[in-house]
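Visitor: I would like to learn how to read aromatic pairs and pockets in a model. Can we start with the rings?

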Amino acid sequence: MRKATLAVAAACLASECLAFSPLSALPAHTHARHATARHLGGSSILRMQQTDTVATKNKDDDDEEESVEVRAAVDNKIGVAVRTRKAVQTEEEVNFYARTAMRVGILKETSPLLTSTMPGNKGFDPLGFASRGDLLLQYREAELKHARLAMLAAVGWASSELLHPKLVALIGKPEASWLQPGASGALEKAPSVLNGGLTNVPPVAWGLLALATGIVEVWRMLAVAGKPNSFTPGDLGFDPLKIYEEAGTSERRALELKEINNGRLAMVAIAVFAGQEFLADQSVVNIAPQFFTAGPLANIGSIGDTFTQYSGLFSCESGITYCQEGKGALDMIY
């Protein structure tokens, strides 16, 4: 009897608690909606927790893989790792000369030269001018312009000193020579800033040169203005013999490398020419005859005589050149 009473009392207490429950006071359909909401809310929270867990795990995996790549790059036989915005590049992908320059402290670790595939990339940028990819392209463009001008100047400098005396003698006006006197008093040095003689050049020639240069420069600036990060330095579309156009990828790279190497050598050569003539007060063709008058170019000065001999263009019979023999022949006729 006592046990039955306790059981009834417990049942009554349970019913009273349920009566005061918030859900028990709501209609049946509302109670069902709340139950469904609790179920859906719990599922959403569970999915969010699972997503966060997966994302955290993926991030940890990425960080671990990246750190492993960095350690592998640092611990390899060269011991160099170059970090970029997109990837970690090991020593196989880094330019050898640029890597060496970075090691000795004359190239910054952020320099684009480290991963540049430009022909002739020696990693030489101690002052850090090419700090970005677009600047690197602009500096290569400027280097190619100076290289091409230097190659023309190196040939023209020596050729003027070899051929100009022959040409003015051919037309019979040695006083028209633009060459400057050397220590011996002979007209032998090419006109330059250090040698002087640039004032002998007609102003019209300077004006035409400045106009032509300005037109080419403005045209080139407009051509690359819309693609500062993707234009090809030095590509002016000048290939009349179709040598570059018909070449393969490796051949094109070889041609580009030859051009930049010869251009750099020519820039050094033209500076040496000017300095030698200023210091020695003598033409470079006489300073180093083994390269010019007594070397492979020993007969270049006789080209004019050979042409005259076999063409007859400047002979008395041509009527272009005045000579005493021709005058006597005309007197006999008339």
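Guide: This is a predicted model.

Visitor: Is Phe96 buried or exposed?

Guide: Phe96 counts as exposed, because its relative accessibility is 51% and the cut-off for exposed is over 50%.

Visitor: How do I describe two rings together?

Guide: A pair of aromatic rings is described by two quantities, the distance of the centres and the angle of the planes. Here, a search of the whole structure finds four aromatic pairs. Phe96 and Tyr97 form one that is edge-to-face, at 5.5 Å centre to centre with 80 degrees between the planes.

Visitor: Why is the pair of Phe273 and Phe292 edge-to-face?

Guide: The planes of Phe273 and Phe292 stand at 70 degrees, so the pair is edge-to-face; the cut-off is over 60. The ring centres are 6.5 Å apart.

Visitor: Which parts does that pair tie together?

Guide: Phe273 lies in helix α6, and Phe292 in the loop between α7 (284–287) and α8 (303–311), so the pair ties together parts 19 residues apart in sequence. Phe273 and Phe292 are both buried. Ring pairs also link Trp157 with Phe273 and Phe292 into a cluster.

Visitor: What is the volume of the second largest pocket?

Guide: About 810 Å³. Its lining has 18 residues, with Ala153, Trp157, Pro191, Leu198 and Trp206 nearest the centre. α4 gives the largest share of this lining too, six residues. The classes are 14 nonpolar, four polar and no charged.

Visitor: How many helices and strands does the chain have?

Guide: Nine helices and four strands. Along the sequence they run α-α-β-β-α-α-β-β-α-α-α-α-α. Of the 334 residues, 23% count as buried. The chain exposes about 23,600 Å², and carbon and sulfur atoms supply 64% of that area.

Definitions and conventions. Residues numbered from 1 in each chain as written. Predicted model: local features only at pLDDT ≥ 70, side-chain atom pairs only at ≥ 80, totals over all residues. Heavy atoms only, no water. Helix = DSSP H or I, 4+ residues; strand = E, 2+ residues; numbered from the N terminus. Buried < 20%, exposed > 50% of the residue type's maximum accessible area, 1.4 Å probe, protein only. Areas by Shrake-Rupley, 256 points an atom, 1.4 Å probe, with all protein chains shown as cover. 1 Å grid on protein atoms, 1.4 Å probe; cavity = no way out; pocket = protein on both sides within 12 Å on 5 of 7 lines; lining within 4 Å. Points joined across faces, edges and corners; volume = space filled by probe spheres on them. Nonpolar A, V, L, I, M, F, W, Y, C, P; charged D, E, K, R; others polar. Phe/Tyr/Trp six-rings, centres within 6.5 Å; stacked < 30°, edge-to-face > 60°.
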